[in-house]
Each structure stands twice: as structure tokens, then as C-alpha cells.
Amino acid sequence: MTHHVMGVDGSYPLLLVLWLLPLAGAILAWAFGPQLKTAAGWICSALVGISFICAVAMWGPGTQSVSGALGAHQALFSWLPGFDFGLLMDPLSLLWTLIITGVGFLIHLYSIGYMDGDRAFARFFAYMNFFVFAMLTLVLSDNFVGLLVGWGLVGLASYFLIGFWFFKPSAVAAARKAFVINVAGDVGIMFAIFMIVASVHSTAFGDAFAFAGSYNSGWLLAICVCLFIGAAAKSAQIPLHTWLPDAMEGPTPVSALIHAATMVTAGVYLVARCAPLWSQNHDAQMLVGTIGALTAIAGAILGCAQWDIKRILAYSTMSQIGYMIMGVGVGAYEGGVAHFFTHAFFKAQLFLGSGLIIHALNNEQDVRRMGGLMKKMPFAFIAMLTGVIAISGIPFLGAGFFSKDLVIQGALEHGHPYLYAVGIITAGITAYYMCRLLFVTFFGSYRGDVDPSELGIRHPELAGTPAHGADQAEAEHEGSGHGQAHHAPAWIMNVPVAILIVPTVLIGWLMFGGDNSPWAHFFAQQFPHPQLSPAPIGEGVTGLITFGAVLVGIAVAWWRYATASAQSRAVERLRGESIRMPGILTHAYYFDLALDLLFVRTSQLFGTIFGRFFDPQIIDGAVRESAFSAQWLGTLVRSFQTGLLRAYALLLVVGVAAFMIYYAVIAGGVHP
Amino acid sequence: MIELLLILVPVVIGAAMQFGRDDENEKWSRWTGALVAAVMFFLALASRGTEWSFRWLSRPFTSAFHFGPTAISYWIVLLLAVCTFSAILAVNQPRRRRFIGQLLMLEGTMMGLFLARDLLAFALFWDAMLLPVFFTLLGWGGHSGTAWRYFLYNFAGGLTLLLATAAFGMLYGSTDVIGRTDVHLVGAWVPWIFIGFSFAFLVKTPVWPLHTWMPITYSDTPSPMVAVVSAVQSKAGLYGFIAIAMATMPDYVKTYAPWLIVLGIVSLLYGAFIALTQNDAKRIVAYSSLSHLGLIVVAIASFNPIALQGAVLYIIAHGLFSAAIFLTLGYVESREETRSLVRLGGLGASNPRLAGALCIAALAALGLPGLAGFVGEIVILTGVFQAGLVWPAILALIPIVLASAYMLRLFQGIMNGPEVPDLPVRADLNWIEGLALAPLVIALVVLGVNPHALTTFNPSAYNATTVSQGASK
Amino acid sequence: MSQMMAVPVSYYVGLSAVIFFIGVAGVLVRRNPLIMLMSIELMFNAANLLFMAFARAWLHNAGHIFAFLVITVAAAEAAIGLAIVVTVFRSAKHVDVDDVALMKG
């Protein structure tokens with residue numbers, strides 16, 4: 001079988017450098033953390049920055065196209081025949097690499113300020129750098145096993161960072177939950193790998209895609225579904241999304257980098273990477289597109305019911321990834337990937353902005369206890385405002401508008417009018433809950449000194465306010481140096497946010513111009529472009545309809561939270577809303593409960609039955625029974641052992657006599 | 001001659017260490033033991049391709065003291081040397097000199113087992129290697145019933161192994177067959193011989209439902225000893241399946257393969273489910289061993305060359321991570337005087353190095369990509385699926401998810417959470433304890449990134465008849 | 001040589017059988033270990049008689065050699081047996097074999 005390599009084979013030292021530098025940083029910070037102290041943060045940030053520069057320098061090789069081979073390929077080593085490893089840098093992985101290292105660099109810088117004074121400062125940066133390395137492994141691998149290695153390692157980094165404050169039981173449980181659900185996803189990818197190896201005897205993308213047309217459709221559907229199980233777990237798609245809101249237990253920069261900008265979009269990357277497989281199977285496209293749309297709207301609705309600022313953002317992340325998955329699912333790869341690209345900026349921006357607030361308010365995360373922050377924190381307000389504009393999709397003012405329209409229009413072009421409709425409705429809901437977040441947080445007057453019960457906060461631990469171990473977390477986080485309760489964000493936290501404002505507002509213009517946009521050119525050779533019949537509704541009209549939905553969302557939010565009368569009665573309104581919130585929304589459709597009953601409890605039941613009953617009673621019981629029967633046999637034989645010498649002699653004689661009689665009479669004599 | 005040294009030196013030194021009065025301050029014994037183990041490692045490294053033979057029976061069948069590593073056992077012998085080295089450094093039991101002597105004798109007898117090229121020698125060392133564990137259980141374990149249970153179960157296996165060996169010799173005329181590719185046993189008696197071998201191998205591995213000696217043995221045996229037992233001794237049965245059963249009677253193995261697959265899958269699931277609910281840290285690892293080794297049984301029974309390569313990888317990987325986990329749990333137990341997850345918690349804050357070691361070992365055990373366990377799992381299952389065993393492959397994926405749950409429960413239950421006030425606070429790992437774990441952890445990472453050295457072993461060269469049939473299926 | 005075999009072998013066999021069963025009966029019915037030893041001695045001698053008779057009949061030396069061997073064994077056995085009897089007598093003050101039943105299971 002010929003070997004199909006994607007990308008131009010060659011030696012690309014820059015590629016190796018940009019891949020391995022974060023690993024070096026992780027090892028350095030991990031091994032010499034106590035010695036490096038705060039220098040660890042600067043070193044790790046610098047290494048990611050250098051990685052970013054290398055990634056930019058790889059632009060040329062990454063986008064080159066020589067006789068059908070797109071990008072750069074560097075062979076590494078081989079486990080055994082069929083399991084060959086290498087790095088592949090093509091436009092798709094280049095895009096991800098730029099985001100991972102670029103946005104990653106900014107978030108690293110921000111973390112130097114955010115994590116300042118934490119006892120495990122160096123350890124934090126070791127994990128962050130390790131995450132960058134793992135994520136680069138994921139997107140740079142030229143084969144499924146390498147991708148799975150990266151896939152598992154980002155899961156590990158995520159586990160470490162969610163459980164970073166490991167003395168908090170809630171953080172520990174959230175970390176474990178995230179890891180186990182992601183392993184369930186890994187298992188899906190593993191099974192897809194089995195099927196691919198069974199058909200093409202190789203794990204390389206090139207081999208798998210070269211024969212995509214030759215698989216039978218059931219087989220291909222099975223491969224796609226299994227791959228998508230992995231994608232769904234990592235990208236928090238229904239029903240494997242329950243870990244993402246809990247993952248907000250991690251420090252805010254972690255939420256920004258891992259649980260918003262990069263790792264959770266790995267599922268989008270996977271589907272986009274396997275575009276040659278998905279394009280061959282309409283059922284798989286339908287399935288993925290539908291789940292994406294479902295997640296988009298379900299996440300958006302849950303976003304309306306949350307009070308924890310990070311949880312609101314978490315559900316919005318889930319919802320936005322739903323958009324991306326819908327885009328790449330239906331075949332609008334450029335659109336899905338574009339939304340990943342803009343989302344990385346504006347969601348990082350939103351998380352970092354919320355981090356500024358949380359940091360300033362001493363780890364307060366409940367928006368009901370905020371309010372009126374516009375005057376106190378104008379910079380945070382501007383940061384959040386640009387983010388909200390971008391995510392809501394207000395035309396031309398934010399990046400999200402362009403990419404979201406690509407996805408929504410793409411769904412229609414690829415023949416999915418229902419998904420198109422869901423996309424538009426979700427855009428309206430998104431605008432509503434993001435503006436709600438903005439208004440409740442920044443408008444009106446400060447409610448931090450109001451008694452929580454008056455705001456309807458009955459169970460602080462359910463509302464997401466740090467409860468268990470919060471005091472210890474506080475002590476850890478503040479360290480010994482800081483005495484004051486509030487401390488203004490250092491410039492180091494503001495600079496990355498300020499830088500991010502630029503792409504959050506402007507980057508969407510790259511996608512402007514239809515087929516002639518820089519975006520379309522960048523991906524011209526990356527994705528399959530089937531011939532499509534023109535959509536019944538043009539791009540401009542779609543934009544207008546979406547804008548209409550967004551305006552409705554904003555208007556409702558304004559009416560409910562931002563009008564003068566609403567602001568004057570804010571405390572009562574919030575209390576009323578908290579109390580009247582339907583249980584199905586506060587419990588996130590009871591998915592946690594269902595998964596717990598279905599899998600966790602069942603497994604524990606099995607374990608208990610096997611361990612407490614089956615092992616000691618049935619199996620050991622059988623062993624005991626055989627021991628008893630041996631004992632009974634022993635008793636029987638023992639009765640012959642009278643101890644009387646003459647009895648033994650008699651037995652001997654009888655035995656000899658019996659033999660003699662047998663041979664003489666029955667056997668008819670001995671014949672030597 | 002290297003083989004003779006590998007077997008005799010540890011046994012003789014170990015036996016010599018049993019004499020004399022007890023003296024608690026014998027630091028030299030640890031360093032002597034470690035030195036011997038280190039020398040054994042380098043000797044083992046040099047033993048590749050060497051053989052030594054001395055015929056001692058010509059009737060009723062020919063048999064010889066024939067020793068030399070095979071393509072597979074070379075790696076197991078290296079694993080044994082590494083694990084013994086680590087275990088000896090980790091010994092902190094009372095009567096240290098005698099304990100280390102037992103470890104050395106265990107090393108020597110297991111060297112004999114894995115180096116044996118003759119079935120009779122294999123069977124003799126099979127029984128011999130039970131004795132150091134038995135005496136350790138009597139001398140250092142909690143309950144003498146455990147020792148007897150361990151011994152009776154495994155000795156029963158040894159008995160059927162010996163009978164099967166004798167029958168094999170009578171039938172074939174020679175027992176000097178391990179590592180040969182031209183032996184092909186046929187005849188009406190062969191199924192019985194196969195069953196005799198299998199019983200011994202299945203008890204030793206162990207495989208459900210012959211496993212009930214294992215959890216209590218693993219939890220009662222002191223950690224350094226159980227590290228070696230679970231890492232290497234449990235591989236004797238699996239090695240026997242590959243090197244003896246598959247190599248000399250492939251047709252019969254194939255006939256019984258469905259049963260082996262069923263037993264392997266049941267072990268996989270059963271062990272994983274039980275591990276989820278245990279509270280004794282060592283029992284969790286014991287049941288996880290049942291689960292992991294079931295996977296290797298499935299791999300062997302699948303008759304697929306890729307799965308077999310994966311089996312060898314996983315044999316080594318499981319040895320490394322189970323030794324590392326047991327040694328780390330030993331450190332935890334010696335510090336906190338308990339290994340109950342109900343009592344333990346929050347150690348990570350004051351023992352970051354200990355937490356790091358347990359973390360890496362637990363991650364390798366749950367099959368984290370990038371560590372050795374993952375390589376074995378994915379290669380095995382790829383092969384199993386390729387062999388057409390779709391359902392076993394699917395069922396074998398469930399324990400991977402369960403493993404992540406119970407291994408994290410183990411790790412987090414000990415290291416994470418708030419600090420428990422009534423637990424004694426002890427110092428973190430010292431450099432000797434770290435040195436004990438270092439070779440295991442380094443090997444886990446190196447093999448996890450690139451296990452190429454291990455996969456140069458080619459199962460189809462090992463027995464052409466065995467595997468070509470499997471691959472063409 | 002044949003005229004020397006005035007007595008046919010079957011007579012010797014018959015005599016030997018009679019002596020042997022006298023010995024067997026002695027072992028089975030007597031409780032005094034000395035008598036039992038003597039009875040065993042009788043059985044040995046029955047065997048010896050057969051050895052000699054067949055050696056004569058077949059003109060082969062092996063029978064003589066075996067007879068010597070048996071005599072030696074008998075002597076050794078008698079020595080050990082008497083030693084046991086003496087030991088038992090010392091501890092039990094009498095020598096009834098039915099009372100020596102320490103091996104009872």
C-alpha cells in the first residue's frame with residue numbers, strides 16, 4: 001500500500017521548536033518552581049511567545065501547496081508499522097497553532113497578575129505550558145494516534161488546572177468529572193482508530209482520507225460517530241457537556257484559555273480535520289449538525305438562568321461551540337472554523353474581563369452581588385462591552401457577527417433550513433443573556449453589601465459562589481503579602497485585555513467579502529467544496545434577519561434589567577427572578593442527575609454486588625465447598641487408619657489375595 | 001553462563017542473608033541488595049542471545065537445564081531486575097536484611113522461570129518462586145491464612161503444570177522446547193496438556209474466577225514484595241501462554257480461544273467494577289490488576305500479531321506502573337499507618353513529590369496517552385479489533401473509562417481534598433525513596449513516547465504457524 | 001544332574017506356601033511383637049526356600065545370591081524390629097502391638 005502523506009515532507013526545525021518549547025517551560029517550572037518563584041511566570045510566558053513567533057514564521061511552509069500536498073510535514077518516529085508519528089502544519093493546524101500560542105501568550109501574561117501571590121504560582125505556569133504543549137500536539141499530529149495523545153494530554157492539563165486548588169473538594173470533584181467524561185470521549189476516538197486501522201492498516205490522516213471514498217457508508221458512519229463521541233466530550237456537546245460548567249472551579253485564566261478559547265474547540269478541529277470523512281457521509285453530517293444546533297440553543301437557554309458570571313460564560317461557550325460544531329457538521333467548514341477563530345478572541349476577552357471583576361471583588365462570582373461596576377471599573381466595562389458586542393453578533397461592530405453569519409448561512413446553503421432557524425433564534429437568545437450579564441453587572445448600583453437572602457441567594461454553593469474551602473482558597477490565593485481586601489488589577493492584567501480588544505472588534509473583517517475574502521483564500525485548498533445550489537435566502541438578508549433577532553434579545557434584556565424603573569427595583573426583581581426560576585433550568589435539564597443515575601450509580605452498584613457478594617460468597621463459597629469436600633474425603637480415608645498393625649497386615653493380605661484371585665481366576669493366569 | 005549467574009547469585013546471596021541474628025541497624029543490607037540487583041540488571045542486559053544448557057534427563061524424555069532469554073522474556077527479565085532494584089531500595093520493613101534476602105531469592109527464582117528454555121525447569125522454578133512470597137507472607141504479612149491461600153492456589157497450579165509437563169515430555173520426547181518455533185504437538189492427549197498448562201497460567205495471572213487469592217495476597221503482602229509480585233510474577237502465566245501454549249499447540253489454543261476471551265473480558269469488567277467501590281488502596285490496585293491482565297489474556301487469545309505485540313508492551317507497562325503504584329502506596333502506608341481511602345486525604349499539600357509519583361503511576365495505569373499503559377492498550381485493542389473480535393473490543397473499552405474513575409478516586413482520595421487533621425504529617429519522599437521510583441517512572445515515560453525498542457520483537461517470527469493463521473483470518 | 005532332582009520343584013513350592021501362610025497367620029493372629037517378628041522370619045525363609053529350589057532346578061546362581069540378600073535383610077529387619085520392641089517396652093512397660101496405635105488417623 002502506498003503511503004499517503006499530507007503536506008510537503010521535509011525538515012522543519014521551527015516546527016519542532018514551537019512544539020517543544022512549551023514542554024521545556026513546563027518541565028522547567030515544575031522542577032525548579034521553588035527556585036524560580038515569579039520568574040517562572042515570565043519564563044513560561046516568554047516561551048509561549050517565542051512559540052507564537054515561530055508559528056508566524058511557519059506561515060510560509062504551512063500554507064505552501066506543492067502538487068496537491070498542502071502544508072509542511074515533518075516525520076518523527078514509528079511505534080510499529082502503521083503507527084508512524086509526525087507533525088503536520090497546514091492552514092487548519094496553522095490557524096489553531098496561532099490561536100493557541102497567540103491567545104495563550106496573552107493569557108499567560110494576564111495570569112502573572114491574576115495568580116500573583118498564589119502559593120503554587122510556578123506549578124500553575126507549569127500546567128499552563130504543559131497545556132499549550134499538549135494542545136499543539138493535538139493540532140500538529142499527522143495521525144489519529146498522535147491526535148489522541150494530544151487529546152488525552154489536554155484532558156490531563158485541564159484536569160490539573162480545574163483541580164488546581166486541590167484542597168477544595170468541589171474543585172477535586174469537578175476535575176475528576178471532567179477527566180472521566182473526556183476519557184469516555186477518548187474511548188470513542190480509540191474505537192474509530194480501530195476501524196480505520198482495520199481498513200487501511202495505518203493511523204495516518206493521509207491514508208485514512210485517501211480511502212474515504214472506498215469505505216462503505218455504514219462503516220464510515222460508524223467511524224464518524226465514534227470520532228464525534230470524542231469531539232462531543234471535549235467540546236461539551238449534549239449529552240457530554242455536564243463537565244464544562246463545573247470546570248469553572250479552575251482559576252479564571254484557565255477558563256479563558258482552556259475552557260473557552262482552545263481546548264474545548266478541539267472537537268471542532270477534529271471534525272474539520274476529518275472533513276474528507278464527513279463530506280462522504282450525509283448521515284454523519286446531519287447528526288453532527290443537529291447535535292451542534294441542539295447544544296447551541298440548549299446552552300443559550302441555560303445561559304439565561306445562571307447567576308454565576310463564569311457559569312454564564314461557560315454555558316455561552318457551550319452554545320458558541322454548538323454553532324461551530326453545527327458549521328463544520330453541515331459542511332460549512334470555513335464558517336465553523338471562522339467562528340472558532342473569532343470566538344477565541346472574544347471569549348478570552350470576556351473571561352479575562354470577568355477575571356478582572358472577580359479578582360477585584362475578592363472571588364465574588366455571583367452577578368446578583370455585583371451591579372453598578374461601570375463607574376468603579378470602566379476598563380473592565382469596556383472589555384466586557386466589546387466582548388458582548390462581538391458575541392451577540394451586532395453587525396460590523398464585533399468579530400462574532402461575521403463568523404456567526406457564515407455558520408448560519410452555511411447551514412442553509414448545505415440544505416438544513418431547520419438548523420438555520422435554530423441558529424437565528426439562538427443568536428437572539430445569546431444577545432439577551434449576554435446583555436443581561438452586562439446590565440446586571442455594570443448598571444444600577446452596587447449590591448455587594450446587600451444581604452444575600454434578599455437577592456434570592458438561598459444556597460450559595462448551588463449558585464456557584466465559592467463556599468467549600470473558600471476561606472482556604474482565599475488564604476492560598478492571597479498568600480502572605482497582601483493585606484488589603486481589594487486590590488486593583490496590576491497593569492499586567494490590563495495589557496492583554498487591551499490587546500485583545502483589537503481582534504475582538506476587528507478580526508471579523510477577514511471574513512468579509514464572500515468567496516473573495518482573505519479567509520476563503522486561506523482555506524481554499526483545505527476543505528472540500530462541493531457544488532451547492534444557491535440558497536433561497538441571500539447572505540445580506542440572513543444578516544438582517546439575525547440582526548433582528550439580536551435586537552429583540554437586546555431589547556428584552558434592556559427592558560428587564562436596564563431601564564430606570566428596573567434599576568431602581570433591582571434587588572426585588574433579582575430576588576423574584578431567582579425564586580421563580582424553573583427547576584429544569586437551574587438544574588440544567590437534570591442531565592447531571594440522569595448521567596449520575598445511569599452510569600455512576602449503576603457502576604457502583606455492580607462494583608458493590610461483585611465485591612461484597614459475588615467474590616466472597618459465590619466464588620470463595622465454591623472454593624470453600626471444594627475444601628470441605630476434600631475434608632470429607634479425608635475423614636473417610638482416615639477411618640481406615642486404625643493404627644492397629646494387624647489390621648494393616650490383614651488389609652495387605654486381603655489385597656494380595658484379591659490380586660492373586662484376579663489373575664488366577666478371572667484374567668486366566670499371568671502370561672509373561 | 002550469564003544465565004546461571006542471573007539465577008544463582010541472587011538466590012545464594014538471598015539465602016545467605018537469612019542467617020545470623022536480627023539486627024535492626026543493617027544499612028549495608030539495603031545497599032548490598034541494591035548492588036546485587038543493579039549488577040543483575042546489567043547482566044540481564046548482556047544476556048541477549050546467550051544460552052546455557054546442561055542435559056540432565058534422557059529417559060523417559062530428554063530434558064535439560066537449558067536457560068537463555070527468548071525474544072519476549074528478555075524484556076521481562078529486564079523488568080524483573082528493575083523492579084527488584086526499586087523494591088529493595090523501598091524496603092523499610094523490620095528485619096530488613098531477611099526481607100531483602102527474600103526479595104533477592106524471589107528475583108533469582110523468577111529469573112530461572114523466565115530464562116528457562118526447558119519445560120521441566122520452567123515447572124520447577126514455577127514452584128520455587130512461590131516460596132519467597134509464602135515465607136514473606138508468613139513472616140511479615142498480616143494473617144497466615146493469606147499465606148496458605150496464596151500457596152495452595154498457586155501450588156495447585158504448579159501441580160497441574162508439572163503433570164502437563166510430564167505428559168508433554170512423554171508425548172513429544174523432549175521438554176527442551178521453549179523458544180523453539182518447530183514444535184507442533186498433536187494427539188488426543190494434547191487438550192488435557194493444554195488444560196493443565198492453562199489452569200496454572202490462569203491461576204497465576206490471575207483470571208476470573210480463579211482470582212480470589214489475589215486481592216488478599218496483594219493487600220497483605222508488604223509493598224516492596226507485592227510490587228515485584230504484581231509487576232513480574234503475575235506475568236509468568238501470560239508469558240507461559242505466549243511462549244509455551246501458543247508456540248507448541250496453537251491449534252488447541254485456538255480451539256479454546258473463545259473461552260479465554262470470555263474469561264479475559266469478564267476479568268476486565270469484573271475487576272474494574274470492584275475497583276470502583278473498594279476503600280483499601282491496595283485492594284483497588286489489586287482489582288485493577290485483575291482488570292488489566294484480563295486485557296492481555298484477550299490479546300493473546302485474539303491470535304493477531306498486532307495484539308500480541310501490544311500484549312508484550314502491556315506486560316512491561318503494567319509491570320512498571322503497578323510496581324510504581326504499590327511502592328508509592330507503601331510509602332503512604334508507612335507514613336500514615338493506614339491505606340484506607342476513608343481515613344486518608346489531603347497529603348498532596350505536604351508531600352508534593354509523593355503526590356507527583358503516585359499521580360504519574362496512576363495516570364499510566366488509567367492509560368493516559370503519552371505513558372506506557374496507553375501504548376499497550378491501544379495497540380492491543382487495535383489488533384483485537386483487526387482480528388474480527390468487535391464485541392470484545394467494545395467491551396474492553398468500558399474498563400478504560402472505569403479505570404480513569406477508580407484511579408483518580410485512588411489518587412484524589414489520598415492526595416487531594418482538605419488536609420485530615422488526625423493524620424500524622426511526615427516528611428516528603430527522601431532521595432532514596434525517590435531513587436527507587438525513578439527508574440520505573442522514567443521507563444514509563446520513555447516507553448510511552450516511543451516503545452519502538454519493544455516492538456522490534458516480531459511475533460510472526462516467534463512462531464510462524466501460530467500467527468500467520470491468525471492474521472489471515 | 002537331572003537324577004539329583006529326586007524331589008520335584010512343586011513339592012518345594014507347596015512346602016514354601018505352607019511355611020509362608022503359617023507366617024502370615026502368625027502375624028495376623030498374635031499380638032506379641034516378638035512372635036510376629038518370628039512369623040515374618042518364617043515368611044522370609046519360605047521365600048528363601050523357593051529361591052534355592054528354583055536355583056537348583058534351573059541351575060542358576062541368582063537364587064543363591066538372592067537368598068543371601070534376603071538373609072541379610074532379615075537380619076537387619078530383626079535388629080530394627082527388636083530395637084523398636086525394646087523402645088516400646090521401655091515406655092509402655094509391655095509390648096502388645098494393639099496398644100501401640102499412635103498412627104491412628
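Two residues are in contact if their C-beta atoms, placed from the backbone, lie within 7 Å. The model examined here is predicted.

**Exercise 1. The contacts between chains**

Task: Determine which chains touch and describe the side that chain A presents to chain C.

Solution. 

Step 1. Apply the contact criterion to chains A and C: 10 residues of chain A are in contact with 10 residues of chain C. Helix α31 (residues 645-666) of chain A supplies the largest share of chain A's side, 5 residues. By class, this side of chain A has 5 nonpolar, 3 polar and 2 charged residues.

Step 2. Turn to chains A and B. Here 39 residues of chain A and 38 residues of chain B take part in the contact. On the side of chain B, two or more residues come from each of α12 (250-277), α16 (372-386), α17 (390-415) and α19 (452-455) of chain B. The largest share, 9 residues, belongs to α17(B). The side of chain B that touches chain A consists of 22 nonpolar and 16 polar residues, with no charged ones.

Step 3. Consider the remaining pair. Chains B and C do not touch, and their nearest C-alpha atoms are 23 Å apart. Of the 2 pairs of chains that touch, A and B have the most contacts.

**Exercise 2. Chain A as a whole**

Task: State how many helices and strands chain A has, and characterise its burial and its contacts.

Solution. 

Step 1. Chain A has 31 helices and 5 strands. Along the principal axes, its C-alpha atoms fill a box of roughly 120 × 65 × 55 Å.

Step 2. Of the 672 residues in chain A, 56% are buried.

Step 3. Take the contacts in chain A between residues at least 6 apart in sequence: 82% of them join residues at least 24 apart.

**Exercise 3. Packed pairs of helices**

Task: Are α5(A) and α6(A) roughly parallel or antiparallel, and how are α2(B) and α4(B) arranged?

Solution. 

Step 1. Two packed helices are described by the angle between their axes and the distance between the axes. Helix α5 (residues 91-114) and helix α6 (residues 121-140) of chain A pack at about 175°, with axes 9 Å apart.

Step 2. Angles over 145 degrees count as roughly antiparallel. Therefore α5(A) and α6(A) are roughly antiparallel to each other. Their contact includes A:Trp96, A:Ile100 and A:His108 of α5(A), and A:Phe124, A:Met128 and A:Leu136 of α6(A). By class, the contact has 9 nonpolar, 6 polar and no charged residues.

Step 3. Helix α2 (residues 27-46) and helix α4 (residues 96-115) of chain B pack at about 15°, with axes 9 Å apart. These two helices are therefore roughly parallel to each other, and α2(B) passes α4(B) in a left-handed crossing.

Step 4. The contact of α2(B) with α4(B) has 6 nonpolar, 2 polar and 4 charged residues.

**Exercise 4. The surroundings of one residue**

Task: Is B:Leu276 buried or exposed, and which residues is it in contact with, leaving aside its neighbours within four places in sequence?

Solution. 

Step 1. Locate the residue: B:Leu276 lies in helix α12 of chain B.

Step 2. A residue is buried if 20 or more other C-beta atoms lie within 10 Å of its own. B:Leu276 has 24 C-beta neighbours inside 10 Å, so B:Leu276 counts as buried.

Step 3. List the contacts. Leaving aside neighbours within four places in sequence, B:Leu276 is in contact with A:Ser603, A:Gln604 and A:Gly607 of chain A, and with B:Leu402, B:Ala405 and B:Tyr406 of chain B. B:Leu276 and B:Ala405 are 129 residues apart along the chain, while their C-alpha atoms are separated by 7.2 Å.

Conventions: Residues numbered from 1 in each chain as written. Chains lettered and ligands numbered in written order. Predicted model: local features only at pLDDT ≥ 70, side-chain atom pairs only at ≥ 80, totals over all residues. Helix = DSSP H or I, 4+ residues; strand = E, 2+ residues; numbered from the N terminus. Nonpolar A, V, L, I, M, F, W, Y, C, P; charged D, E, K, R; others polar. Buried ≥ 20, exposed ≤ 12 C-beta atoms within 10 Å, placed from the backbone. Axes fitted to C-alpha atoms, helices over the stretch in contact; angles between N-to-C directions. Parallel < 35°, antiparallel > 145°, perpendicular 65-115°, else oblique. Left-handed = near helix turned anticlockwise from the far one by under 90°.
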